[in-house]
Amino acid sequence: MNFSLAKDDTPSKQIASDEMTSLLKKFRGNPEAKSTLLNTFAKVERAKQEWESTVDALPELICVVDENGRVIRANRTIETWGLGSVTHVKGKDFHTLVHPVCAKPCPLESFLQQTKQKTANDDIIEAETYDTLLQRHIQMRGKPVLMKNKTDEVNWVIILHDISQRKEMEKALYEQNGRLTAINAINQTILATHSPEEMAQATLTHLQSLTAFQQAHILLNVPQTQKLRVLATANNGIRHFLQPGQEFPYTEFVGQNNHALNHFFLIEQLNELPNLTPVERRWQQQNIQSYINLPLVMGSTLVGILQLATDDPPTFIPEHIIILREVAETLTIAINQSQLHQKLEHSNEELQDLLRAKHEMIENVSHDLRSPLALIKGYTELLQDGLFGELTEEQHDALTILETKGDQMFFLINRLFNLQTIDKHALKLEEINPQSFLAEAAKAWQVLTTNKSVQLLLDIPISLPYLMGDLNMLNQVLSNLLDNALKFSPEGSAITLRAQAQSNYIIFTVRDEGKGIPPDKIERIFERFYQVDKGSASARKGAGIGLALCKRIVEAHDGRIWAESAGEGQGSTFFVSLPTNNTP
Ligand code: ADP
């Protein structure tokens with residue numbers, strides 16, 4: 001602190017003008033020096049005035065006191081502090097001036113005494129206190145002012161700074177920080193669980209350390225039964241009369257006073273209420289005088305209620321109410337989310353039940369269809385074998401048609417069944433050598449393609465990585481692709497079956513030179529019952545489920561199936577990629 005007070009008073013002014021007069025006398029006959037001197041004095045005077053008004057403008061009360069603690073000079077802030085005018089305070093005891101009546105021990109007084117012990121120029125003393133008399137927080141600073149050429153004479157500068165505002169802000173920040181920490185702790189506990197009961201219990205336990213209450217409970221709204229279910233209770237003293245799990249009609253909590261449960265309200269004095277609810281009566285019997293109702297409201301829905309009761313009404317100070325409201329908000333969201341979660345789990349279970357029922361139904365229906373079909377097929381064979389007498393050629397042909405159609409129906413029923421039921425878990429995995437798998441499959445198709453004058457070309461490397469897959473299912477995929485290729489291939493064209501290893505996949509391709517697929521239909525052909533040209537003869541041979549089934553089987557193997565075609569008449573290529581990662 002490097003500070004010198006410049007407030008002038010009459011004696012110092014007198015000294016200054018005496019000094020000036022004697023100096024001017026010395027320069028009589030030297031008008032030039034005299035004028036320089038007068039200029040210098042004028043400058044000094046101006047600087048003094050500037051300094052004085054600066055010091056006056058400071059918010060701190062600045063005062064110079066002598067060794068007896070009497071005011072020598074002070075800045076104008078002393079007036080704004082209501083301690084008297086600048087001239088009036090001079091000569092007065094500084095402590096008595098600030099504290100006309102003083103309660104002992106007095107921090108200001110002991111600060112002033114300590115300041116007096118300081119006599120070295122750079123000895124500064126600082127302290128802070130809440131001054132009960134001034135009703136403000138003050139920061140006090142003191143420093144000795146050594147008089148030039150008079151080393152034994154010491155004055156002291158005392159600076160009092162009103163820091164009430166800063167202190168209030170600090171307090172508010174501190175409180176807000178405490179509030180946030182508390183709310184954060186509650187939030188974390190609430191979010192760590194999915195059960196509304198546990199959330200409620202954790203909230204009340206936390207609140208016990210934050211606000212003083214005698215009894216508290218959290219209720220869950222059960223709108224279907226117009227009741228409130230007790231989720232959790234807590235008490236600091238007399239045991240709570242409610243038990244978690246109990247349910248009560250709304251009327252137990254809302255009396256004729258009609259305090260709406262979905263609104264925040266604070267009852268300061270139960271005794272002053274004309275009509276009490278059963279719960280309020282129980283509280284009154286337990287000497288509880290005041291309670292607070294915090295609704296847990298989501299939108300316009302009442303999720304639940306948080307109530308805290310106390311026998312000491314001023315306990316619910318605004319600060320606590322802010323915390324309670326914020327806690328209620330978090331709790332509402334958490335309970336609401338947990339209810340949604342429960343509902344979702346419930347619907348999921350229902351969905352699983354439905355899926356199981358659907359699966360069973362498909363199994364039953366396909367069994368019911370397959371049994372009579374097996375009988376029809378069996379008797380057809382017996383008839384064809386002549387067990388029931390010789391057959392004419394016509395009868396024989398008719399029976400052959402019956403048998404073929406029966407086989408087709410079997411095939412279709414099996415496909416439909418597989419389409420509904422195949423997934424990862426239904427696969428019977430085994431180690432497959434892709435090279436021999438493809439070669440075997442091709443052998444079976446060689447006859448059929450030759451019959452239609454179509455060439456079946458193979459492009460299969462000798463060594464391919466092994467696959468884990470369901471041989472029967474992958475056979476169905478390949479058969480379906482080759483069947484389609486043959487169905488849509490003109491005579492004299494070729495079908496190429498190719499395989500290649502690509503990073504962790506094996507890609508099978510079936511390429512034909514047939515009618516091709518329009519680009520806008522290429523994705524849709526994998527949908528159930530989709531056929532590009534429903535009316536065509538080749539479409540009539542199928543039902544539009546073959547590729548959908550292939551897709552399902554391939555995806556159950558974590559693979560992918562897709563098609564490419566340059567358009568109508570340009571042939572088509574079908575790709576199946578299967579992972580080899582799980583190959584031993
Ligand atoms: P479908 O049993 O009716 O053949 P798919 O699901 O196997 O049923 O095929 C669906 C449709 O995709 C077929 O009706 C046909 O329109 C088209 N398609 C499939 N493979 C080919 C192909 N190789 N060339 C041209 N169109 C094809």
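Leaving aside its neighbours within four places in sequence, which residues is Ser565 in contact with? They are Gly516, Ile517, Ile522, Gly571 and Ser572, where contact means heavy atoms within 4.5 Å. This is a predicted model, in which local features need pLDDT of at least 70 and side-chain atom pairs count only at pLDDT 80 or more, while totals for chains, interfaces and linings use all residues. Residues are numbered from 1 along each chain as its sequence is written, and side-chain values use heavy atoms, with hydrogens and water left out.

Ser565 belongs to strand S17 (residues 560-565); helices (H or I, at least four residues) and strands (E, at least two) are DSSP runs, numbered from the N terminus. Ser565 counts as buried because its relative accessibility is 18%, and buried means under 20% relative accessible area (1.4 Å probe, protein chains only). The side chain of Ser565 reaches the backbone nitrogen of Ile517 at 3.0 Å and the backbone oxygen of Gly571 at 2.9 Å.

Elsewhere there is a sheet to follow. Six strands form an open sheet in the order S8-S7-S6-S11-S10-S9, with antiparallel pairing, where two strands pair if DSSP finds at least two bridges between them. The edge strands, each pairing on one side only, are S8 (247-249) and S9 (265-267). Strand S6 (residues 215-222) and strand S11 (residues 301-310) run antiparallel and are joined by six bridges, and His217 has Gln307 in S11 as its bridge partner. Helix H9 (residues 318-384) also packs on the sheet, touching S6, S7, S9, S10 (290-298) and S11.

Conventions. Buried means under 20% relative accessible area, exposed over 50%, partly exposed in between (1.4 Å probe, protein chains only). A polar contact is a pair of N or O atoms within 3.5 Å; within protein, one must be able to donate a hydrogen and the other to accept it, and residues adjacent in sequence count only if both atoms are side-chain atoms. Axes are lines fitted to C-alpha atoms, for helices over the stretch in contact, and angles run from 0 to 180 degrees between N-to-C directions.
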